[in-house]
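Hi everyone, thanks for making time for this. Let me put the structure up, and then we can walk through a few places in it together.

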Amino acid sequence: MSIAHGPETVVLKPSKPTSLLAALLLHPNTVVSTAYLLRAVWDEEPPATARAALQTCVLRLRRLFAEYGISATTIEAVPGGYRMRSDTGTLDLVRFRTLAARAGAAADPGEELYGLREALSLWQGQPLANVASRMLQRDAVPALEQERLRVLERVCDLELAAGNCHQVLVDLYESARRHPVRERFTEQLVEALYRTGRQAEALAEYRTVRDRLRDELGIDPGPGLRRLELAILRAEELAPAPPRPPARTAAAAGAPALPPGASAGPTAPSRPGRPGRAVPPVPAFAGREADRGAMAARLTAARGPRLVVVSGAPGIGKSALARQTAHEVQEAFPGGVFTLRLARPDGTAVAVEEAARLLPDEAPGRCLIVLDGAAGAWQVLPLLAAAEDAAVLVTSRRQLAAVVATHGGAVHRLDVLRPPEAYGLLAGLVGPERIATEPAAARELACACGHFPLALRIAAGRLLTRPGLSVADCAAWIAEDPPARLALAEDPGLSVPEVLGQALDALDPELREAFLRLGAAGAAADPSAGESETVLEQLVEAGLLEDGPPGPYRLHDLLRSYARWRVRTRETAAPAAPR
């Protein structure tokens, strides 16, 4: 880690302030909890005076920033922790992610390749090499390296698709040697060698990685490498393949967060036209039996439109329900299950052209396509036209009336979990024995989470990482300020303020202010009072309000709590603005 000020660059020495700075910069523009920072600085053995020492570290960093012309207010003290404001001009990590995202949205492969190369140029040496924190070295450094390797894989795909086999060999030799069990690099290297006329070297590379996998892991190479070996032995001509679609690793906004170590569910096919992967069940999925049964019947029907739309508020469990249903019906689709995530981690919509490239073109039999996180009918309708006879399952905050009006199908508008379902989700995640010892506290915890799957999974993650924490203490702590405390600093997707804030910030200012006014009203008040029907209907369509007829409009308790927290933090922050 270093600080650059004009022509001068200062490499920070390993120290507790450096570890603190690293922990903040790894989560730019996000509230990082004090507990997480204490672990990052002192690992698992913080002293009794750690909180006071943490404040001292913050002061030392602020003085360092001031010395190099950086605003002393860059590190903000906020309820529950600290936040560091960063942008593309102040932090390479933010710039890398911005460049990578912008490149992924480019329509032209050459433009995408240029943007990704520019992003990779920001990496210099081993990340966090001068950071002493064992926790960050164990958890953060591998995650950062995976980000870089995914971009590098994409660059090599684009180079191979463009026929630049000679130019990419240097990158591939180095990557395949440094990451021998990451088969994609070896697959790309073997392909590049073979297409440049070096058949013997290509076979030698394949057999080297095959022997290593067998000796060290007891497994055989994947199907991609095996197909390449067969093509080489048959002397088949390998035409430049279309580049693989860029990998998307984060869940769509509004998808339920999973606890650490849990499966992230199905992925998109590696290339269009190949069967999708088997869909695993969602960890600890609970409830929604009626929805699942009706959705399964619709998707597997012999006649009629096999189209299902799952809509609802951010974090209410749309993606989890879609994944679980796909798991339960996958045997009815011999052509496979294909998942296309239509929203990026920052909430922006994937271009229709980019999503269309992921659609299967010649699936061997009837298939199921899951369109996850659709931004609107404009994004779904062209994909339905290209999907032809496939069954389609769409998740969206919006109800997509234009989609079902033109194509038929069914809409499932999700409500919060019923109390027994919320209790079952907690028991499945945390463990039935631990929950059964405090059943009343578990019900209080579910209530504090508003019976939202996202919030329940965050609370479960807190309990799982703190074996000594009682359910009652966790429930009482969260109930004091649910929006602020239903967040895990390790991942923005595991944060109620981040997920709901992303949805709210996507609205027009008029709708945003209307939502905040609704949240300020009492729970018993009629949300429709004083607001135009047009505004209310737009909030319903955005997933932030439940439509009324035949009853009144209503606002979920967790959304109401978030609206009040948002107003409160905005009012608190206003006087603190620099003069």
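**A helix pair, a helix face and a histidine**

Let's begin with helix α7, residues 165-178, and helix α8, residues 183-195: they pack at an angle of about 145°, and their axes are 9 Å apart. Do keep in mind that this is a predicted model. The crossing of α7 past α8 is left-handed.

So who meets whom here? On the α7 side we have Cys165, Val168, Leu169, Leu172, Tyr173, Ser175, Ala176 and Arg177, and across from them in α8 are Phe185, Thr186, Gln188, Leu189, Ala192, Leu193 and Arg195. Sorted by class, this contact of α7 with α8 holds ten nonpolar residues, three polar and two charged.

Next, helix α11, residues 289-299. Which of its residues are buried? They are Arg292, Met295, Ala296 and Leu299. Looking down the axis of α11, these buried residues fall within an arc of 100°, so they line one face of the helix. As for their partners, the buried residues of α11 pack against the strands β6 (307-311), β8 (368-372), β9 (391-396) and β10 (410-413), and against helix α12 (318-329).

My last stop is histidine 556, in the loop between α24 (533-541) and α25 (557-573). Is histidine 556 buried or exposed? It counts as buried, because its relative accessibility is 5%, and the cut-off for buried is under 20%. Leaving aside residues up to four places away in sequence, histidine 556 touches Ala313, Ile316, Asp415, Val416, Phe452 and Glu546. With glutamate 546 there is also a side-chain to side-chain polar contact of 3.4 Å.

Thanks, and I'm happy to go back to any of these views.

Definitions and conventions:
Residues are numbered from 1 along each chain as its sequence is written. This is a predicted model: local features need pLDDT of at least 70, side-chain atom pairs count only at pLDDT 80 or more; totals for chains, interfaces and linings use all residues. Side-chain values use heavy atoms; hydrogens and water are left out. Axes are lines fitted to C-alpha atoms, for helices over the stretch in contact, and angles run from 0 to 180 degrees between N-to-C directions. Helices (H or I, at least four residues) and strands (E, at least two) are DSSP runs, numbered from the N terminus. A crossing is left-handed if the near helix is turned anticlockwise from the far one by less than a right angle, and right-handed if clockwise. Contact means heavy atoms within 4.5 Å. Ala, Val, Leu, Ile, Met, Phe, Trp, Tyr, Cys and Pro count as nonpolar, Asp, Glu, Lys and Arg as charged, and the others, Gly among them, as polar. Buried means under 20% relative accessible area, exposed over 50%, partly exposed in between (1.4 Å probe, protein chains only). A polar contact is a pair of N or O atoms within 3.5 Å; within protein, one must be able to donate a hydrogen and the other to accept it, and residues adjacent in sequence count only if both atoms are side-chain atoms. The arc is that of the directions from the helix axis to the C-beta atoms.
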